[in-house]
Amino acid sequence: MAHASIPMSQYRADQFRHVLAVRAFDTSDASVLRAHDFDSEFRSIALALTERIEIALRGRVDRAARHRFGKLWHLDPMAFRDTFDHDSLLRRAAGVLDRANDPVTQKVWRERALDQVPFGMLAEELSFGELSRLTGALEPRLHDAVALAFRLPAGTLRPCLHHLTHVRNCCAHHTRLWGRSFRIPPPTFRSPADLIARLEGLPKRTPVHSLELLAHLAETVGPCDRHADAVRRLIDEHDDLIDGIGGRPSWAAR
């Protein structure tokens, strides 16, 4: 069984020990615990950034669409691409509203009438994955307006959200990031210039590449000084472990 000083399962400890060994690090219990603590803090920072982006996505999608179609825009198939299965959205909306915990939402949904539920209320019940798929299915002008708000080329918004949903789920479910390559890659960016510069030299599918992308998107919402400070402190304290995330992040450099 795992050493009593390591507060994790034997399997999880063995995962970290294996990655440490591959990178020619010490594989003692103390080293396993330090790598685990580094990973935990890194995941917390990444999750906080995805939360900021998710909340902004809900607002930006709703703002762009209600300007053209009204607050019940999600009920209008014209707000989506022709290939989108709008009926599946309505079925999914009813399902998530049935399970809503918010008292105000429960009160509005008591009559089971979708035309009484504005998208802003529904969006609070949708997962990041569901919201990302919905965003990707928006008709082109709405889709491109959301991409512009996040300073992304329109063609990269959909795969970018797909990647970030994967990153968010890994973080939320405590999947080890240190020493991992993400299964779902981010898109290749050819603009804007500042995003290309901050991603230059960072291998795709690595946590540090995703951190820089998260930072770019989160900064469109507002300053991220607290998160940048947390990254800086983490790297300063564990400089030798940055190989496990794919390299040194430039975002929080002094």
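These legends accompany several views of the predicted model.

View 1. The chain holds eleven helices and zero strands, where helices (H or I, at least four residues) and strands (E, at least two) are DSSP runs, numbered from the N terminus. Along its principal axes, the C-alpha trace spans about 60 × 45 × 30 Å. Of the 254 residues, 49% count as buried, meaning under 20% relative accessible area with a 1.4 Å probe and protein chains only.

View 2. Take contacts with a separation of 6 or more: 64% of them come from residues 24 or more positions apart. A contact here means heavy atoms within 4.5 Å. The mean positions of the 36 positive and 33 negative charges are 3 Å apart. Lys and Arg count as positive and Asp and Glu as negative, with His and the chain ends not counted; each charge is placed at NZ of Lys, CZ of Arg, CG of Asp or CD of Glu.

**View 3. A close-up of H74 in its loop.** You will find H74 between helix 2 (29-69) and helix 3 (86-98). H74 is buried, with a relative accessible area of 2%.

**View 4. The neighbours of H74.** A polar atom of the H74 side chain lies 3.2 Å from the backbone oxygen of V117. Leaving aside residues up to four places away in sequence, H74 touches F80, H86, L89, L90, V117, P118, F119 and L122.

**Notes.** Residues are numbered from 1 along each chain as its sequence is written, and side-chain values use heavy atoms, without hydrogens and water. In this predicted model, local features need pLDDT of at least 70 and side-chain atom pairs count only at pLDDT 80 or more, while totals for chains, interfaces and linings use all residues.

Definitions and conventions:
Buried < 20%, exposed > 50% of the residue type's maximum accessible area, 1.4 Å probe, protein only. Polar contact = N/O pair within 3.5 Å; in protein donor to acceptor, adjacent residues only side chain to side chain.
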